[in-house]
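Good morning, and thank you for making time for this presentation. I would ask you to look at the sequence and the model together as I speak.

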Amino acid sequence: MTKMNMLQAINNALDTAMAEDERVLCFGEDVGVFGGVFRATSNLQQKYGKARCFNTPLVEQGIIGFANGLAAQGSVPVAEIQFADYIFPAFDQIVNESAKFRYRSGNLFNVGGLTIRAPYGGGIAGGLYHSQSPEAYFAHTPGLKIVVPRNPHQAKGLLLGAIHDSNPTLFFEPKRLYRASVGEVPDEDYRLPLGEAEVLKEGTDVTLLGWGAQMEVIEKAVEAAEKDGISCEVIDLRTILPWDVETVANSVFKTGRLVVTHEAPLTGGFAGEIAATIQERCFLYLESPIARVTGMDTPFPLVLEKEHLPNHLKVYEAIRASVEF
Amino acid sequence: MTTTKSKVVYSPVFTDGAEFRIPTFKLLKQDGKLYKSAKAPDLDKDKALRIYRAMVTTRILDERMLAAQRQGRLSFYMQCTGEEAAVIGSAAALDDGDMIMAQYREQGALAYRGFTIDEFMNQLFGNEMDYGKGRQMPVHYGSSKLNYMTISSPLATQIPQAAGYAYGQKLRGEGLCTITYFGEGAASEGDFHAALNMAAVHRVPVIFLCRNNGYAISTPAAEQFAADGVAPRAYGYKMDVIRVDGNDILAMYQATQEARKLAVEHNRPVLIEAMSYRLAAHSSSDDPSGYRSKDEEAVWREKDPILRMRLWLESKKWWSEDDEKQLQENMRREVLETMKRAQKRPPPPLETLVSDVYDEVPPALAEQFDKLKAHIRRYPDEYPKSAEHAKGGA
Ligand SMILES: Cc1ncc(C[n+]2csc(CCOP(=O)(O)OP(=O)(O)O)c2C)c(N)n1
């Protein structure tokens, strides 16, 4: 075990994967000597050479198209998109190509080795172009997996899980936690399963569900709610697609209440999908409407970021409202 | 039918483009004297001094604002140190009615057009006077009055937009053009290639100006493209192109003047590649010592475009030591005073969270806003910036 922040854990995961398997490559804008603008790929070029860790020209559609080709050939590319906000120039390559390679070829070809990493989310004074949470756009695309870690331990285990998964996977890293979140991380190779949520805390009155940096927000809100005598069950979804309906539904059978929170806007956000599914599964068990605590239906602001974000106070209010309904 | 009329050969002949060696246009030497066979463009004293003042203003603004960022007064900043001539020299060759669509490092063009220090500061501090209503990070300026399109962070998106904007100008017969600025890194984006092709096919009066400053964050130009810079790409689209010493104010001015003629009078899009160097860090979040040497930077520091222009102005007796001292002092004072003023101004009102998303606030968003206001009223101490604003209304 070593104490690491989330960036170090991600770097360690990449190092582990590259050491074990020559087919693993990582590349993207400024990824080479510099180690990426956040330094997630530090020292990898020095260690594994320019052929396996390199700077690409500044073209996201090129990066992902190239990665698709590499993966189709049998390599294991881990492509970095510098900010999730800049994944959209590669949208066509991801949504039409990565996601459908296996399906359209009748499994003659696939890009299962592909992993795309991108820092995402707000809280860093980045304004509308350095704060977005685009997971819902991709969650509408069958064929992709979408993973979000909440701390360094999860980051290493889930990233190794993603790299070794046989499906194209988007790995969204909550950049607000990059240096802020520190914890013990095993030194060896370990892989956390994709598609499984984790119950972080058991409780009886209400289920709290989130992912990434929102887990910290939930934790703070739950602390306040428990002081009021409300017993909370807390679940980290970890994988947005395909998501773990079973674990969430079982929790709601028990608590009868669900609060889902994410930073992305409300309308069309992934909380909507969760609410609809859980309502179908658990209708007769629900004691109150499923609550969504999310960003507003606006682009991400700068100066009024705090007002926009679904913080612990808003989550706390939702817990209270749900219990007092 | 093919539109390509090419010579036929009967054995395989490959060409690698190396024959397209593009010359660099220069007029002014570093000592302020012209090259032997060079002739200065038609630039009168008033205009020359307006250009020079904009260059010095930009340099001082950059120095002070980077210092302010280091002191924690400002969240972020980007300098254009070393590239002032490329941007201001080209902007000065335009008509004030021409549209400018910049990348983010072109504050010099705005300064030349007359954006006041106050206007710069209001954007940098995102206060209630910021035209962008405190929504974007620092240096994302915009001014409809000065025909300067508000900056968008996703790189290269402005390049095809510039072609479209200019096509509209052509249709209206305005006799105007659009210039779009971008870095050699951004020129790798698909949007760049799409833009050049669209503009060439539709004969659009647009000037594409690539600031080739050697780096895209940490990526050196040699890892950005294998070719001889960005300029040769114009050949593939059958577009006019010129490469210019980007630290040479006279060459930049003249090249852009001629490019504008081609664009406006002949509807020929033009690519200008300005060869320069990004002397400063990429942004206040960057540390260039991790990817390039001090020696390399020193070579370019010797080629300072501002000093080069100053020496030329002095040789023409248009500028003196005293003028310089006065300008420096005045600018420094103005920058400090306006910064203090801008910092004190309140943030934009809470309503700016939901305005301008659409022409009118849709019902679902209005409902979200009312909920937010009620929430803030319950926790006024947690939202010091907006608690006052949340009091009004429902
Ligand atoms: C589509 C997109 N991808 C990535 C980024 C992140 N980014 C911001 S500036 C920059 C480098 C740009 O370099 P260049 O175009 O050469 O301009 P310079 O900074 O050198 O002036 C990058 C990669 C972005 N803003 N937009």
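With which residue does Arg243(B) form a salt bridge? The partner of Arg243(B) is Glu273(B), and the closest N and O atoms are 2.7 Å apart. Arg243(B) lies in strand β7 (residues 240-245) of chain B and Glu273(B) in strand β8 (residues 270-275) of chain B, so this pair ties together parts that are 30 residues apart in sequence. By salt bridge I mean a side-chain nitrogen of Lys or Arg within 4 Å of a carboxyl oxygen of Asp or Glu. Helices (H or I, at least four residues) and strands (E, at least two) are DSSP runs, numbered from the N terminus. Arg243(B) counts as buried at 5% relative accessibility, and Glu273(B) counts as buried at 0%. Here buried means under 20% relative accessible area, exposed over 50%, and partly exposed in between, with a 1.4 Å probe and protein chains only.

Let me state the conventions. This is a predicted model, in which local features need pLDDT of at least 70 and side-chain atom pairs count only at pLDDT 80 or more, while totals for chains, interfaces and linings use all residues. Residues are numbered from 1 along each chain as its sequence is written, chains are lettered from A and ligands numbered from 1 in the order in which they are written, and side-chain values use heavy atoms, with hydrogens and water left out.

Lys50(A) lies in the loop between α2 (44-48) and β3 (53-55) of chain A, and Glu223(B) in the loop between β6 (219-220) and α7 (233-237) of chain B, so the pair joins two chains. Lys50(A) counts as exposed, at 55% relative accessibility, and Glu223(B) as partly exposed, at 23%.

Within chain A, the side chains of Glu233(A) and Lys254(A) meet in a salt bridge of 2.5 Å, N to O. This pair links distant parts of the chain: Glu233(A) is in strand β11 (residues 232-236) and Lys254(A) in helix α9 (residues 245-255), 21 residues apart. Glu233(A) is buried at 4% relative accessible area, whereas Lys254(A) is partly exposed at 41%. There is also a network of salt bridges that links Arg150(A), Glu198(A), Asp236(A) and Arg238(A).

Next, how many of the 13 residues of α7(A) are buried? Eleven are, so α7(A) is largely enclosed by the rest of the structure. Among these buried residues are Leu158(A), Leu159(A) and Leu160(A).

Finally, where does the ligand lie? The ligand is between chains A and B. Of the 22 residues around the ligand, Glu60(A), Tyr104(B), Arg105(B), Asn213(B) and Tyr215(B) come nearest; a residue is included if one of its heavy atoms lies within 4 Å. An oxygen atom of the ligand is 3.1 Å from an N or O atom in the side chain of Gln103(B). A polar side-chain atom of His282(B) lies 3.3 Å from an oxygen atom of the ligand. The protein covers 97% of the 590 Å² of accessible area that the ligand has on its own, by the Shrake-Rupley method with a 1.4 Å probe.

Thank you for your attention.

Notes
Polar contact = N/O pair within 3.5 Å; in protein donor to acceptor, adjacent residues only side chain to side chain.
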